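Look at the fold below before you read on. This report takes the strands in turn, then the charged residues.

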Amino acid sequence: MDVNGMVKLNSKEKTILLNAPFIGAGDDISAAKLMEASTIVTVPARSVLFRADDHAEHLYCVLNGYVRLYRLSKDGREADVRICGPGDSFNECLIFGADRYHYHAQAAESCTVSRFDLQHLRTMVEDDPKIARTLMQWLSRSLLTTMDCVANDRLQTAPQRVANYLVTQGPRDATSFSLRLPFQKSVLAGKLGLAPEALSRAFSSLRDAGVIVRGRIIQVSDIAALKQL
């Protein structure tokens, strides 16, 4: 992985890390131990953090920017598994024994991540029941979140997924708003579990609901219409 050296946290990044589920869910002592086990690194855009089947070494928490988790088919096609943004963590499934990464991870843009050595975490789990309990609670919530994502993919059409995303991005109680995507539309497609062409068709179908797309700028003129989809 092509990364820059260890960097210092700014106040916003420190807050994000402290509020990460596997740190913030525990008591102050457990949180301090977990914070001490982390290394902060910057990752240039499009750098690969690791590849599927590589020996698993780290758990990650994103502090700024976005990281793509994806798999490759035999013919080289990419399928996004998840898009991780600030506060999201990944590789939690590897804490309790798996020794190989299950997917590829790539920085969608320049980002800062907190990196935790998996072997160190395993030792902490064995030595401290409080940390073990915190991590198990976090794994349970992570599983429920994953199940919700699968359910939404099964129950919602592509336009509904896009509409739901836009609604969640708008200011509370607003009736209309303008949004600049924090990443390329190809990243949004992966985040929503859509192929890029399916995302384009979804945006087109939302024009009647008052959605206008100009590059990465999205104008939403009728939030109520989106909520009714």
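Buried means under 20% relative accessible area, exposed means over 50%, and partly exposed lies in between (1.4 Å probe, protein chains only). Accessible areas come from the Shrake-Rupley method with a 1.4 Å probe, and for residues only the protein chains shown count as cover. This is a predicted model: local features need pLDDT of at least 70, side-chain atom pairs count only at pLDDT 80 or more, and totals for chains, interfaces and linings use all residues. Residues are numbered from 1 along each chain as its sequence is written, and side-chain values use heavy atoms, with hydrogens and water left out.

**The four-stranded sheet**

Helices (H or I, at least four residues) and strands (E, at least two) are DSSP runs, numbered from the N terminus. Two strands pair if DSSP finds at least two bridges between them. Start with an open sheet of 4 strands, in the order β1-β8-β3-β6. The pairing is antiparallel. Its edge strands are β1 (38-43) and β6 (89-90), and each pairs on one side only.

Strand β1 is mostly covered, as 5 of its 6 residues are buried. It joins β8 through 6 bridges, and the two run antiparallel. Here S38 stands opposite F116 in β8. Strand β3 (residues 58-64) also pairs with β8 in the antiparallel sense, over 6 bridges. The bridge partner of Y60 in β8 is R115.

**Around β11**

Which strands are joined to β11 by 4 bridges? One is β9 (residues 177-180), which runs antiparallel to β11. Another is β10 (residues 211-214), again antiparallel to β11. I218 in β11 has L179 opposite it. V213 also stands opposite I218.

Strands β10 and β11 form a hairpin with 2 residues between them. In the turn, G215 has a positive phi of about 65°.

The side chains alternate along β11 (residues 217-220). I218 and V220 point to one face and are buried.

**Acidic residues**

A negative surface patch is formed by D53, D54, E57 and D117. Patches are made of residues with over 30% relative accessible area and no salt bridge; like charges are joined within 9 Å, and nonpolar side chains (Val, Leu, Ile, Met, Phe, Trp, Tyr) within 5 Å. A salt bridge is a side-chain nitrogen of Lys or Arg within 4 Å of a carboxyl oxygen of Asp or Glu. Lys and Arg count as positive and Asp and Glu as negative, while His and the chain ends are not counted. The place of a charge is taken as NZ of Lys, CZ of Arg, CG of Asp or CD of Glu.

D53 is found in the loop between β2 (48-50) and β3. Most residues other than glycine have a negative phi. D53 has a positive phi of about 80° although it is not a glycine. D173 has a positive phi too, of about 70°, and is not a glycine either. The loop between α6 (158-169) and β9 holds D173.

E197 lies in helix α8 (residues 196-205). The C-alpha atoms of E197 and S186 are separated by 9.3 Å, and these residues are 11 apart along the chain.

| Residue | Relative accessible area | Class |
|---|---|---|
| D117 | 33% | partly exposed |
| E197 | 46% | partly exposed |
| D53 | 57% | exposed |
| D173 | 74% | exposed |
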